[in-house]
Amino acid sequence: MSQTQTFYDMIRRQGVTRRSFAKFCGLTAASLGLAPAYAQQISHALETRPRTPVVWMHGLECTCCTESFIRSAHPLVKDVVLSMLSLDYDDTIMAAAGHQAEEILQETLENHHGEYILAVEGNPPLNEDGMYCIDGGRPFVEKLQEMAEGAKAIIAWGSCASWGCVQAAKPNPTNATPIDRVIRGKPIIKVPGCPPIPEVMTAVVTYILTFDRLPELDRQGRPKMFYSQRIHDKCYRRPHFDAGQFVEQWDDENARKGYCLYKMGCRGPTTYNACSTIRWNEGVSFPIQSGHNCIGCSEDNFWDAGPFYERLQNINAFGVEANADKIGAATAGIVGGSIALHAALSAVKRARKSPAEDTKQKETENA
Amino acid sequence: MSTAHEVKTGTVKVYSAGIRAWHWINALAILVLAVTGFFIGAPPPSVPGEASDNFLFGYIRFVHFAAGYVITIGFFARAYMALIGNHHERAIFWPDFHKKEFWDGALHQLRWYAFLEKEPRKYVGHNPLSTIAMFFAYTLAMIVMILTGGAMYAEGAGMDSWQTFLFGWVESLVGDNTFFLHTIHHVGMYVILLFVMVHIYTAIREETMSRQTMISAMMTGDRTFRDDRED
């Protein structure tokens, strides 16, 4: 495996014309939301910079991030995996297996120390010393920390690596932990989603490769270019929200008309992701467009913020499950009843004391 | 400032014009916020016609946000009044929790409400029990509402807005999922509504049964004591 090869060398050898290459750079710049001039920077980087080695590790997860990644259309994942990057290790799609695969991992750690990007899909469970996820004969958390130590930057793919996702939902029996809590002192870029949008994944990789730095991140460590707005902000059903037109039931006339899914529990207003702009499957659709509400899969703790089909979240206290309105109505009833009772008792007390007390009071006032 | 041993009698000035104006503006704002807020949580039935012809939910949200700004600015104005005002005006921000007589008074008031005392004590400002209620169910609840409300407003204003600069950190406080902000804000509304229920009831009850005027004090600023006896 020659590491000095550039992306440009690679695709030229594959028979891609200079013209197509320029087009690709232009498209990538556009998908990253960059000015046209950046296309030249991208092409310059791809022509001169050696391909960046990437190690892609899998912890406790469902591999939906990989499934998503291999469906990227702009840029095509074929280009990313085979040409732009040097994907040295990815246990899901690599040819090598067993000891051979482990060797590659060690080689990368030694030969490219401080240069490679560590992409992590899934998270390490920490209970029982990490025994719930054994990778290559030892706990995943150990392997992760070892590889993180030599990485230039770390990408947390998906909600598992970023937040914990379903395996970290209550009661979290394996103590699945997001990677930023077990890795210290390395820049971590979170690309949450279950899975993240393929184009977002490849664009993040392209950005890092092109500019040799992480994109601008928000407070929670997500790239601002894809996660600075809510699904709701760019949702094509937003006009129905502002107008006050909502789907009331899944099979009603309003659902057929494509009204806002807010009342059905849509998490669009609290979910930061690019689904409503980039969409899925080459921009074909996204959940809300196909008539289902957003469940907020790219948000922290989204599994515990259910039910998915209710506007109000369940609140668990003392083993009782209710929502804010039920709790509010119940306490308002109790307090209202108490007030009525108390008022009645007060009236009785006042009626009883009246004649005698009043004369007594007058006496004191006269005296 | 009156000492505790002085006999409270006649009519005394207790609430300044600013405090009274704040109180009634605040009451109105709470009413507006609760009604519009309830509709934001549980929207009214869908309006017919094209989306481009309607803006009902937009108006509801606008009124909510506008009233939210009013109550927030009012809160800071009230805090300023507490800073420069008299002891009674400061009470709901800075209760006398450290004084023994405060707790003694609160217990007495509680016993008065439980029909265990023949008559309540006289106070120029709030009685200790109401001060406790105000401090927790109004002042602290209001801070929670302003922070969660501000953080939710910041979401719409955008990541580079001053609202995010001011309130963005609240998101991380509730677990990096802003859906929890909605839940907290919703529960907060009920806390304040329960406070309002108790507040109005006790104000009316004490207007008729206590030894001092209540409602008229918040209207005119003057409190009249109904007898000349000691506390």
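Modeller: A residue counts as buried if 20 or more other C-beta atoms, placed from the backbone, lie within 10 Å of its own, as exposed if 12 or fewer do, and as partly exposed in between. The structure is a predicted model, in which local features need pLDDT of at least 70 and side-chain atom pairs count only at pLDDT 80 or more, whereas totals for chains, interfaces and linings use all residues. Residues are numbered from 1 along each chain as its sequence is written, while chains are lettered from A and ligands numbered from 1 in the order in which they are written.

Biologist: Why is strand β3 of chain A described as largely enclosed by the rest of the structure?

Modeller: A strand here is a DSSP run of E with at least two residues, a helix is a run of H or I with at least four, and both are numbered from the N terminus. Strand β3(A) covers residues 117–121, and because five of its five residues are buried, the strand is largely enclosed by the rest of the structure. A:Ile117, A:Ala119 and A:Glu121 point one way from β3(A), A:Leu118 and A:Val120 point the other way, and all are buried.

Biologist: What makes β3(A) a partner of strand β1 of chain A?

Modeller: Two strands pair if DSSP finds at least two bridges between them. Strand β1(A), residues 52–58, is joined to β3(A) by five bridges and runs parallel to it, so by that criterion the two strands pair.

Biologist: Why are β2 and β7 of chain A said to stand at the edges?

Modeller: The open sheet has five strands in the order β2-β1-β3-β6-β7 of chain A, with parallel pairing. Strands β2 (85–90) and β7 (188–191) each have a single partner strand, so one side of each is left without a neighbour in the sheet. From one strand to the next the twist averages 20°, angles being taken from 0 to 180 degrees between N-to-C directions, with axes that are lines fitted to C-alpha atoms, for helices over the stretch in contact. Helix α6(A), residues 98–111, packs on the sheet, where it touches β1 and β2 of chain A and makes about 130° with the direction of β2(A).

Biologist: Which domains does chain A have, and how many residues of domains 1 and 2 meet in their contact?

Modeller: The bounds come from an automatic or database domain assignment, which divides chain A into domain 1 (7–227), domain 2 (232–311) and domain 3 (323–366). The centres of domains 1 and 2 of chain A, taken over C-alpha atoms, are 28 Å apart. Two residues are in contact if their C-beta atoms, placed from the backbone, lie within 7 Å, and the contact takes 15 residues from domain 1 and 13 residues from domain 2 of chain A.

Biologist: Why is B:Gly37 called buried?

Modeller: B:Gly37 has 23 C-beta neighbours inside 10 Å, and therefore counts as buried. This glycine lies in helix α1 of chain B. Leaving aside residues up to four places away in sequence, B:Gly37 touches B:His64 and B:Met189.

Biologist: What is the angle between helices α1 and α7 of chain B, and which hand does their crossing have?

Modeller: Helix α1(B), residues 17–41, and helix α7(B), residues 179–209, pack at about 145° with their axes 11 Å apart. A crossing is left-handed if the near helix is turned anticlockwise from the far one by less than a right angle, and right-handed if clockwise; α1(B) passes α7(B) in a left-handed crossing. B:Ile30, B:Ala34, B:Gly37 and B:Gly41 of α1(B) make the contact with B:His186, B:Met189, B:Ile192, B:Leu193 and B:Val196 of α7(B).

Biologist: How many residues of chain B touch chain A, and which helix supplies the largest share?

Modeller: In chain B, 38 residues are in contact with 47 residues of chain A. Helices α2 (56–84), α6 (162–173) and α7 of chain B each supply at least two residues of that side, and the largest share, 14 residues, comes from α7(B). Ala, Val, Leu, Ile, Met, Phe, Trp, Tyr, Cys and Pro count as nonpolar, Asp, Glu, Lys and Arg as charged, and the others, Gly among them, as polar, and by these classes the side of chain B that touches chain A has 20 nonpolar, 13 polar and five charged residues.
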